[in-house]
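Here are a few exercises on rings, charges and pockets. Grab your viewer and try each task before reading its solution.

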Amino acid sequence: MKAIVVTDKAAGKAGMKLVNRPEPQAAINDVIVQVQASGFVPTELEWPSTWTDRLGRGRTPSIPGHELAGVVTALGYGTTGLSVGQRVFGLADWYRDGTLAEYVAMEARNLAPLPGDVDYTVGASLPVSGLTAWQGLFQHGRLQAGQSVLAHGAAGAVGSMVTQLAREAGAYVIGTGRAADRQAVLEFGAKEFVDLDNDALEDVGQVDLVFDVIGGDIQKRSAGVIRAGGTLVTIVGPAEARPANGLAVDFVVESDRAQLSEIVQRVRDGRLRTNIGKISTLDEAVAALNPTERRKGNTIVRVRP
């Protein structure tokens with residue numbers, strides 16, 4: 001099968017290569033999925049799990065990519081809940097070969113049914129950004145209707161999902177980004193926009209929840225605008241700053257079939273829209289994943305036409 005592999009951590013995305021690899025075999029509780037479309041998170045080449053297994057042993061050449069939409073083609077021993085021929089989407093294990101390939105082996109529990117009226121490209125754009133936003137807002141941030149949310153990077157893949165889900169939950173959303181992002185952020189549902197290059201972040205007043213995708217100085221300044229009892233949620237590693245009278249939570253997104261089903265239902269209902277920046281073929285993926293200019297939204301790879 002065709003697959004994108006990486007072998008050199010120092011080379012990063014520039015070290016990606018399209019090669020032929022053996023098709024994977026299904027272990028216990030696994031399924032084999034014929035990948036129709038795949039997503040890729042640019043930072044995953046910095047994750048230890050891309051280069052080693054759970055015991056710290058090197059596992060290159062490894063296949064990156066962890067979100068996908070496709071069709072189940074085989075079931076491993078003991079696998080339940082899915083069937084051959086079923087359309088699915090989901091989030092592959094961090095420590096196993098990923099989804100930038102024609103086939104992937106993954107645990108069945110990491111997949112959810114993909115309704116027939118949702119395109120594979122759309123399905124592949126949802127797992128990482130959708131689950132990250134959902135878990136950060138509702139599990140870790142415990143967001144309630146009527147609260148206020150400061151959503152950083154609100155025109156990006158994760159930030160746009162945070163903005164939409166928070167708005168739908170009845171929150172007042174303030175989105176941040178660069179000046180060129182203003183209109184997109186407001187269209188995703190933010191009530192206010194903060195230009196991080198030119199506006200004073202502190203002018204937003206006090207908020208109940210900050211969803212941080214940036215870290216560094218922005219995170220430290222954001223901690224100061226969280227009201228007593230509020231929460232700073234971050235996905236860029238352990239929080240360097242904490243609100244004076246609140247919580248700071250960092251987390252790594254996990255697959256969840258029920259949450260995936262909730263997210264895709266919102267897409268079907270028109271309550272949630274995806275943020276796809278570019279669609280590429282597998283043959284063109286190496287170039288597409290090494291862009292020469294800033295790109296908004298997800299880059300999705302159509303593995304099959």
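**Exercise 1.** Find what lies over the face of Tyr120.

*Solution.* Keep in mind that this is a predicted model. Centre your view on the ring of Tyr120: Arg87 lies over its face, 4.2 Å from the ring centre. For an Arg, the cut-off is CZ within 6 Å of the ring centre and within 35 degrees of the ring normal.

**Exercise 2.** Classify the aromatic pairs in the whole structure.

*Solution.* Step one: a search turns up two pairs. Step two: take Trp47 and Trp94, whose ring centres are 5.2 Å apart with planes at 85°, so this pair is edge-to-face. Trp47 sits in the loop between strand 3 and strand 4, and Trp94 in the loop between strand 5 and strand 6, so the contact ties together parts 47 residues apart in sequence. Step three: for Trp134 and Phe138, the centres are 5.0 Å apart and the planes meet at 75°, so we call this edge-to-face too. Both residues belong to helix 2, four residues apart, or about one turn.

**Exercise 3.** Is Trp134 buried or exposed?

*Solution.* Its relative accessible area is 13%. Buried means under 20%, so Trp134 is buried. Phe138, at 26%, counts as partly exposed.

**Exercise 4.** Describe the largest pocket by volume and lining.

*Solution.* Start with the volume, about 1,500 Å³. Of the 45 lining residues, Val41, Pro42, Thr43, Val158 and Ile235 are the closest to the centre. Then sort the lining by class: 22 nonpolar, 13 polar and ten charged.

Definitions and conventions. Residues are numbered from 1 along each chain as its sequence is written. This is a predicted model: local features need pLDDT of at least 70, side-chain atom pairs count only at pLDDT 80 or more; totals for chains, interfaces and linings use all residues. Side-chain values use heavy atoms; hydrogens and water are left out. On a 1 Å grid over the protein atoms alone, a cavity is a set of points where a 1.4 Å probe fits but cannot get out, and a pocket is an open set with protein on both sides within 12 Å along at least five of seven lines; lining residues have an atom within 4 Å of a point. Grid points are joined across faces, edges and corners, and a volume is the space filled by probe spheres set on the points. Ala, Val, Leu, Ile, Met, Phe, Trp, Tyr, Cys and Pro count as nonpolar, Asp, Glu, Lys and Arg as charged, and the others, Gly among them, as polar. Rings of Phe, Tyr and Trp (its six-membered ring) pair if their centres lie within 6.5 Å; planes under 30 degrees apart count as stacked, over 60 as edge-to-face and the rest as tilted. Helices (H or I, at least four residues) and strands (E, at least two) are DSSP runs, numbered from the N terminus. Buried means under 20% relative accessible area, exposed over 50%, partly exposed in between (1.4 Å probe, protein chains only).
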